[in-house]
Amino acid sequence: MPAEAKERLPFTVATDHMGSKATLDLWAVDQARNAYIVLVRKEGGPYEGTQITKHYVLNWQGNLIRISADPLDKTFSEDGATMHWRINKLEIPETLNSMNVEITHLIKDAFRAIGEVFNGERFHAVDVEFKITPYVTHSNNGGSN
């Protein structure tokens, strides 16, 4: 992501103890659909003794979709490795209420690109499980935090 684009993001990205926004090096883009996904922060993990949860913002045609997801185990078969993800929370702007099917496909494609750590091409498959109750939380603003 070009440096000037990083400065103009319409959402907040976590900074590390040195003030760096290291997660901005972890992003994927789909130019044909005018979409990009950025890792904005992560929490938990082995040091905390909890499941790691990663938080992403998917910017689709200027609409911000917030996603919380757990990277699960990888499985291996003759065909290759499969990365598994569980989507826990999905916040979609109200303006996209009627587009849940398209958004679901876009999210699955985004996580196929992400793979484990934005290395999706290394996996034979990426499985995305939606474990959301309720399925979607709609926000009134599609803008910044």
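Mentor: Let's start with Thr53 and Asp70, whose side chains are joined by a polar contact of 2.7 Å. This is a predicted model, in which local features need pLDDT of at least 70 and side-chain atom pairs count only at pLDDT 80 or more, while totals for chains, interfaces and linings use all residues. Residues are numbered from 1 along each chain as its sequence is written, and side-chain values use heavy atoms, with hydrogens and water left out.

Trainee: Why is the pair Thr53 and Asp70 called a polar contact?

Mentor: The term means a pair of N or O atoms within 3.5 Å; within protein, one must be able to donate a hydrogen and the other to accept it, and residues adjacent in sequence count only if both atoms are side-chain atoms. The side chains of Thr53 and Asp70 are joined at 2.7 Å, so the distance meets the limit.

Trainee: Is Thr53 buried or exposed, and how do you know?

Mentor: Buried means under 20% relative accessible area, exposed over 50%, and partly exposed in between (1.4 Å probe, protein chains only). Thr53 has 14%, so Thr53 is buried. Thr53 sits in strand β3, a strand here being a DSSP run of E with at least two residues, and a helix one of H or I with at least four, both numbered from the N terminus. Contact means heavy atoms within 4.5 Å; leaving aside neighbours within four places in sequence, Thr53 has Arg41, Lys42, Glu43, Ser68, Ala69 and Asp70 as contacts.

Trainee: What makes Asp70 and Arg86 a salt bridge?

Mentor: A salt bridge needs a side-chain nitrogen of Lys or Arg within 4 Å of a carboxyl oxygen of Asp or Glu. The closest N and O atoms of Asp70 and Arg86 are 3.0 Å apart, so the pair qualifies. The two belong to distant parts of the chain, with Asp70 in strand β4 and Arg86 in strand β5, 16 residues apart. Asp70 is buried at 5%, whereas Arg86 is partly exposed at 23%.

Trainee: How many salt bridges does this rule give?

Mentor: Seven. One of them joins Arg33 and Asp30, with 2.9 Å between the closest N and O atoms. Arg33 is partly exposed at 29%, and Asp30 is partly exposed at 25%. Another pairs Arg112 with Asp109 at 2.7 Å between the closest N and O atoms.

Trainee: Why are Arg112 and Asp109 separated by about one helical turn?

Mentor: Because they are three residues apart in helix α2. Arg112 has 41% relative accessibility and Asp109 has 31%, so both fall in the partly exposed range.

Trainee: What makes a group of residues a nonpolar core, and which residues have the most contacts inside the largest one?

Mentor: A nonpolar core is a set of buried Ala, Val, Leu, Ile, Met, Phe, Trp, Tyr and Cys residues joined through side-chain atoms within 4.5 Å. The largest has 28 residues, and those with the most contacts inside it are Ile37, Tyr56, Ile65, Ile67 and Phe111. At least two residues of this core come from each of β2 (35-45), β3 (50-60), β4 (63-77), β5 (80-93), α2 (100-114) and β6 (125-130).

Trainee: How do you know that β3 and β4 pair?

Mentor: Two strands pair if DSSP finds at least two bridges between them. Seven bridges join β3 to β4, so these antiparallel strands pass the test. His55, for instance, has Ser68 in β4 as its bridge partner. The two strands form a hairpin with two residues between them, and Gln61 in the turn has a positive phi of about 55°.

Trainee: How many bridges link β4 and β5, and in which sense do they run?

Mentor: They have 10 bridges and are antiparallel. A hairpin of two residues connects β4 to β5, and Ser77 has Gly80 in β5 as its bridge partner. Gly80 also contacts Thr75 and His124, leaving aside neighbours within four places in sequence. The C-alpha atoms of Gly80 and His124 are 5.2 Å apart, although 44 residues separate them along the chain.

Trainee: Why is Asn63 called buried?

Mentor: Asn63, in strand β4, has a relative accessible area of 18%, which is under 20%, so Asn63 counts as buried.
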